[in-house]
Amino acid sequence: MPDKGRAAIYRGLGHPMEIVEYPVPEPEPGAVLVKVRRANICGSDIHIWRGDIDIAAMGAPLPIILGHETVGTVARLGEGVVADSAGEPLAVGDRVVHRIFYTCGHCRACLKGMDPACPLAPIAVYSPCEEYPHFLGAYAEYYYIRPGQKIFKVPDDLTDEMAAPVNCALAQVIYGLERVGFGYGETIAIQGAGGLGICATAVAREMGAEKVIVIDGIEERLELARAFGADEVIDMNELKTPEERFMRVRELTGGWGADVVAELVGYPHVIPEGIDMLGNSGRYLSMGTISLGMTYEADPALLVMGNKSIVGVMLYGPDTLKKALDFLRRAKDKYPFDRVLSRPYALEEINKAFEEQEKGLVTRATIIL
Ligand SMILES: [Zn+2]
Ligand SMILES: [Zn+2]
């Protein structure tokens, strides 16, 4: 194995990402060093790169290596690691995916089994790269899995292309729908048919949804949502006002409103409209908007009077990634995952890949290593 590996580092807003080399780390006991095979550009990476999310203000020390949606192979195993987090034997060369964060294990959230709410978790997604073990972001030749961080073997029947985004969008929506207690026979309205929305459509379908309604303003996305199990779509170019869309959701849910509405857009202005779409006892899943300081106005009496709730969900549980892999094995022939094909770029083309994805020239760019 070479002693050095390449990484694209992010120094902060306005700086293009730069390719540097770091020494390939020897894993400490319990850790795993992964050779990255591919790393996608996620919406949150774009938000950081564009400056919508100030990660320095969130406590991330710059420079860092961005990127978290990745699949790779085990390059080195730290002392004591013989199995993945589900107990499957693990060896050098095995393909793996990992939970994109690690947790402290002893705070109040960790102790009560809610470790995605560990204060360490959001910070752990973005860690400094100048010191050992350097490789804590996915836009690099290696990725370092810390002791205790969840890691799962990728089944042979899943391609790299299918496996790379599993640790973000798919895992997040599975956990989000569990957290709002989405149940068999319920209705759901999904705001936004991007990566998260498309995954949520198929997951809600597989969870036994009575009706899945997807709202977006881009025709191709709505078309894709249909292919992933949406019963009804609402085109924002046809129903232009929140009032019209609210009436349509009411109509499609027998006059009641949706049991669950999921915000998977990324902008808070859609939230009041989504809350309106809830029927009494409905739950609003707030997941897409992670830009601090972007706010919305809402009437709390509407929640109180209908016994409605808002649940904020970020990241996902220790078992979710395993469920996401299992979901994909069951669902891969049922939904056209090949239609969400990503376009490949080399690590050296990373700035171009970000620019092209931001301009909408590609839906999902992937860095091949
Ligand atoms: Zn992501
Ligand atoms: Zn904790």
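Me: Is His134 buried or exposed in this model?
Reply: In this predicted model, His134 counts as buried because 24 C-beta neighbours lie inside 10 Å. The cut-off for a buried residue is 20 or more other C-beta atoms within 10 Å.

Me: Where is His134 found?
Reply: His134 is in the loop between helix 3 and strand 6.

Me: What is the phi of His134?
Reply: Phi of His134 is near 65 degrees, which is a positive value in a residue other than glycine.

Me: Which other residue has a positive phi although it is not a glycine?
Reply: Leu315 has a positive phi of about 65 degrees and is not a glycine. Leu315 belongs to the loop between strand 13 and helix 11 (320–331). Leu315 is buried because 21 other C-beta atoms lie within 10 Å.

Me: Back to the loop between helix 3 and strand 6: where does Pro133 lie?
Reply: Pro133 lies in that loop, between helix 3 (120–125) and strand 6. A cis peptide bond joins Tyr132 and Pro133, with omega at about 0 degrees.

Me: What joins Leu62 and Pro63?
Reply: Leu62 and Pro63 are joined by a cis peptide bond, and its omega is about -5 degrees. Pro63 has its place in the loop between helix 1 (43–50) and strand 4 (69–77).

Me: What about strand 6: which of its residues are buried?
Reply: Strand 6 (residues 142–145) is covered on both faces. Tyr142 and Tyr144 are buried on one side, and Tyr143 and Ile145 are buried on the other.

Me: How many bridges join strand 3 to strand 6?
Reply: Strand 3 (residues 32–40) and strand 6 are joined by 4 bridges and run antiparallel. Within this pair, Lys35 stands opposite Tyr142 in strand 6.

Me: New topic. How many helices and strands does the protein have?
Reply: The protein has 12 helices and 15 strands. The protein is as compact as a globular protein of its length, because its radius of gyration of 20 Å is close to the 21 Å that the globule rule gives for 369 residues. Its C-alpha atoms fill a box of roughly 65 × 45 × 40 Å along the principal axes.

Me: How much of the protein do buried residues make up?
Reply: Buried residues make up 47% of the 369 residues. Among contacts with a separation of 6 or more, 70% are between residues 24 or more positions apart.

Me: Which domains does the domain assignment give?
Reply: The assignment gives domain 1 (4–167 + 336–368) and domain 2 (172–312). The centres of domain 1 and domain 2, taken over C-alpha atoms, are separated by 29 Å. Their contact takes 10 residues from domain 1 and 8 residues from domain 2. On the side of domain 1 that touches domain 2, the residues divide into 4 nonpolar, 3 polar and 3 charged.

Me: Where does Cys168 lie?
Reply: Cys168 lies in the loop between helix 4 (160–163) and helix 5 (169–179). Cys168 counts as buried because it has 27 C-beta neighbours inside 10 Å.

Me: Which residues is Cys168 in contact with, leaving aside its neighbours within four places in sequence?
Reply: With those neighbours left aside, Cys168 is in contact with Cys42, His68, Glu69 and Ile100. Cys168 and Ala8 are 160 residues apart in sequence, and their C-alpha atoms are 20 Å apart in space.

Me: On to the open sheet: what is the order of its strands?
Reply: The open sheet has 6 strands in the order 10-9-8-11-12-13, with parallel pairing. Strand 10 (232–235) and strand 13 (309–312) are the edge strands, each pairing on one side only. Neighbouring strands of this sheet are turned by 20 degrees against each other on average, direction ignored.

Me: Which helix packs on the sheet, touching strand 8, strand 9 and strand 11?
Reply: Helix 6 (residues 195–206) packs there, touching strand 8 (187–191), strand 9 (211–216) and strand 11. The direction of helix 6 makes about 170 degrees with that of strand 9. Helix 8 (residues 242–252) lies across strand 8, strand 9, strand 10 and strand 11, and runs at about 165 degrees to strand 9.

Me: How many bridges are there between strand 11 and strand 12?
Reply: Strand 11 (residues 258–263) and strand 12 (residues 278–286) pair in the parallel sense over 5 bridges. Val261 stands opposite Tyr284 in strand 12.

Technical notes:
Residues are numbered from 1 along each chain as its sequence is written. Chains are lettered from A and ligands numbered from 1 in the order in which they are written. This is a predicted model: local features need pLDDT of at least 70, side-chain atom pairs count only at pLDDT 80 or more; totals for chains, interfaces and linings use all residues. Two strands pair if DSSP finds at least two bridges between them. Helices (H or I, at least four residues) and strands (E, at least two) are DSSP runs, numbered from the N terminus. Axes are lines fitted to C-alpha atoms, for helices over the stretch in contact, and angles run from 0 to 180 degrees between N-to-C directions. Two residues are in contact if their C-beta atoms, placed from the backbone, lie within 7 Å. Domain bounds come from an automatic or database domain assignment. Ala, Val, Leu, Ile, Met, Phe, Trp, Tyr, Cys and Pro count as nonpolar, Asp, Glu, Lys and Arg as charged, and the others, Gly among them, as polar. A residue is buried if 20 or more other C-beta atoms lie within 10 Å of its own, exposed if 12 or fewer, and partly exposed in between; C-beta atoms are placed from the backbone. The radius of gyration is taken over C-alpha atoms; the globule rule is 2.2 Å times the number of residues to the power 0.38.
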